[in-house]
Amino acid sequence: MFATRPWGRSAKSGTAGQIRMASARRRSQGVAGASRCGGCERWQRERGRRSTRRTGGCGRAAAGVGPVDYVDTTDALAALLRQLRRRAARRNGGAQLTYRQLAARTGWAHGVIGDYFAGKTLPPTDRFDTLVQVLGATGRELRLLATARDRVEEARRSRLAAGGRTGPPGTDDAGPLPPVPRQLPADVPELPGRGWELDALDVLRPEARGGGPVVVALDGPGGVGKSALAVHTAHRLAERFPDGQLYADLRGSRHDERPVAPADVLRRFLCALGAQRLYPCSAADAVAAYRTLLTERRVLIVLDNARDAAQVRPLLPAAHGCAVLVTSLGVLAAVNGANHLHLAPLRPPASIAVLELWAGQGRLGADRDAAEAIARHCGHLPLALRIAGARLAARPRWPARELAGRLADPARRLAELSFADLDMRTALEAGHRELLTRGPTGRAAALALPLLAAEQGELTVADAAATTGGAPSATEVILEQLVDVQFLESRAPGRYRFHPLTRLFARMLP
């Protein structure tokens with residue numbers, strides 16, 4: 001077993017020693033036949049970097065993999081992983097395993113696996129052990145490679161610690177390592193029907209030095225599943241951002257609370273990042289301190305339920321190693337450099353899968369027609385499907401056709417799509433409230449909404465002008481306002497249509 005004593009410090013001082021001690025215990029207990037090397041290894045400083053000198057051939061892995069003694073960067077560790085991958089192909093007499101094949105074997109995102117092999121991300125200890133075993137590492141190689149992996153993590157932490165923190169005068173202690181925030185809400189176990197969107201969100205990764213952070217903005221109507229997709233994506237890609245994940249609900253679309261001021265979010269983020277003092281002096285100073293603390297860190301920032309671009313801009317980092325995922329009702333087209341992803345309702349097969357996910361396995365199998373009717377009445381919106389599934393789960397003796405019959409009545413459909421703290425009408429009210437804050441034009445759009453919803457099928461500007469009695473030019477402005485808050489969809493210039501549940505909501509407005 002490898003020595004666990006840190007260079008120049010006692011084994012009990014600091015995180016580096018704890019990492020090595022935990023690593024040694026884990027590998028010695030998890031690999032059959034592990035034993036101590038009888039003092040054949042000793043750590044020393046050499047040319048200003050951490051390295052080891054082992055005797056008796058213990059410093060190398062088997063032929064084709066190694067040496068590992070001087071591995072202390074993610075690039076060098078990734079080179080060892082690529083060697084293992086090539087060796088596995090030679091042994092099997094076939095092609096190298098692709099990232100998608102490895103993803104199928106491990107259950108991880110193939111983009112994350114690609115980052116491991118490219119040296120962009122350091123795999124967590126459990127994933128690293130799994131990966132090298134999938135690639136055919138022996139027990140002895142696993143111990144050597146695991147020690148190398150932990151040495152890379154220690155070196156990265158040391159570099160971060162040396163980036164501006166100092167300990168007490170007269171000591172060489174760099175002080176406590178900065179905290180690693182893990183603020184993401186609980187993950188949703190599955191997101192049926194969002195495979196394409198998850199692939200598109202794979203762009204969230206630390207960028208090369210000299211570039212800015214990647215920013216992705218998700219938008220879509222109320223109940224389409226923006227928050228669930230954002231949180232699920234952040235969990236999937238968290239390993240790319242070893243310095244933490246920050247999360248804030250900006251409450252821009254919450255019916256019961258005011259939007260959160262950026263200054264309040266900055267104070268929370270600064271505290272989570274280990275700021276030594278608070279920054280009450282000015283918002284500009286807080287933004288500067290926030291961006292300074294994120295320099296040279298790889299952090300994923302999730303800004304959920306943003307109201308507008310002005311609320312988001314102060315919370316955007318400048319560091320190339322960070323990435324930002326924002327959700328909002330409308331398109332945040334005024335956020336510079338953002339990649340936009342527009343969410344739409346699910347396709348029917350995925351809707352059935354979501355409904356069954358929340359209703360319980362086997363709950364819908366006996367009545368497929370009723371399940372399809374429920375999905376159709378829910379407009380294939382994930383929130384509505386979740387509510388319907390929860391209602392079926394709460395009434396295990398109800399047949400699915402009972403709920404389908406209740407939802408079939410348009411006059412009571414929105415009232416039926418409510419359970420506990422989940423309510424479809426509340427999700428749709430966000431757009432209406434936003435209209436009322438947009439001045440005279442927004443208020444005019446809110447007044448026109450029930451009139452326009454009374455019309456069936458697709459709307460044109462001429463049709464809408466005839467219905468509201470307004471001039472075509474003014475009517476087009478109203479229609480575009482309704483598109484901005486996701487009440488209408490415009491697939492071609494001058495043509496508009498309602499989502500079924502949005503139409504029901506609009507018809508019930510006073």
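In helix H8, which spans residues 226-236, the buried positions are Lys-226, Leu-229, Ala-230, Val-231, His-232, Thr-233 and Ala-234. This comes from a predicted model. As for what sits over those buried residues, the cover includes helix H7 (195-200) along with strands E3 (214-219), E4 (245-249), E5 (300-306) and E6 (323-328). H8 lies across E3, E4, E5 and E6, and its direction makes about 165 degrees with that of E6. Helix H9 (residues 262-272) also packs on the sheet, where it touches E4 and E5 and runs at about 155 degrees to E4.

The sheet itself is open and has five strands, in the order E4-E5-E6-E3-E7, with parallel pairing. Its edges are E4 and strand E7 (339-342), each of which pairs on one side only. From one strand to the next, the twist averages 15 degrees. E3 and E7 run parallel and are joined by four bridges; Ala-217 stands opposite His-340 in E7.

Zooming out, the protein has 21 helices and 12 strands. Of its 510 residues, 48% are buried. Among contacts with a separation of 6 or more, 67% are between residues 24 or more positions apart.

Next, the nonpolar packing. In soluble globular proteins, nonpolar side chains tend to be buried together. Here the largest nonpolar core counts 103 residues, and the members that touch the most others are Ile-374, Met-424, Leu-482 and Leu-501. Take Leu-482: with neighbours within four places in sequence set aside, its contacts are Leu-435, Ala-445, Leu-449, Leu-452, Phe-487 and Leu-488. Another core, of 31 residues, lies apart from that one, and its members include Leu-266, Leu-270, Ala-306 and Leu-316.

On the charged side, the structure holds 22 salt bridges. One of them pairs the side chains of Glu-197 and Arg-194, at 3.3 Å from N to O. Glu-197 has 10% relative accessibility and so counts as buried, and Arg-194, at 5%, counts as buried too.

A second case is Arg-391 with Glu-416, whose closest N and O atoms are 2.4 Å apart. Because Arg-391 lies in helix H14 (residues 382-394) and Glu-416 in helix H16 (residues 413-416), this pair ties together parts that are 25 residues apart in sequence. Both ends are out of the way: Arg-391 counts as buried at 14% relative accessibility, and Glu-416 is buried with a relative accessible area of 9%.

What about a pair with partly exposed partners? The side chains of Glu-458 and Arg-495 meet in a salt bridge at 2.9 Å, N to O. This pair links distant parts of the chain, 37 residues apart: Glu-458 is in the loop between helix H18 (439-453) and strand E10 (459-460), while Arg-495 is in strand E12 (residues 495-498). With a relative accessible area of 44%, Glu-458 is partly exposed; Arg-495 counts as partly exposed at 40%. Elsewhere, salt bridges that share partners join Arg-391, Glu-402, Arg-406, Arg-412 and Glu-416 into one network.

Back to the E12 region for a moment. The loop between strand E11 (488-492) and E12 holds Pro-493, which is exposed, with a relative accessible area of 80%.

Finally, a word on confidence. The mean pLDDT of the protein is 82, and 81% of the residues reach 70 or more. Two stretches call for a mention. Residues 1-63 have pLDDT below 50, and beyond near neighbours in sequence this stretch has 114 contacts in the model. Over residues 164-175 the pLDDT is again below 50, with 14 contacts in the model beyond near neighbours in sequence.

Terms used
Residues numbered from 1 in each chain as written. Heavy atoms only, no water. Core = buried A, V, L, I, M, F, W, Y, C linked by side-chain atoms within 4.5 Å. Buried < 20%, exposed > 50% of the residue type's maximum accessible area, 1.4 Å probe, protein only. Contact = heavy atoms within 4.5 Å. Helix = DSSP H or I, 4+ residues; strand = E, 2+ residues; numbered from the N terminus. Salt bridge = Lys/Arg side-chain N within 4 Å of Asp/Glu carboxyl O. Pairing = 2+ DSSP bridges. Axes fitted to C-alpha atoms, helices over the stretch in contact; angles between N-to-C directions. pLDDT = per-residue confidence, 0-100.
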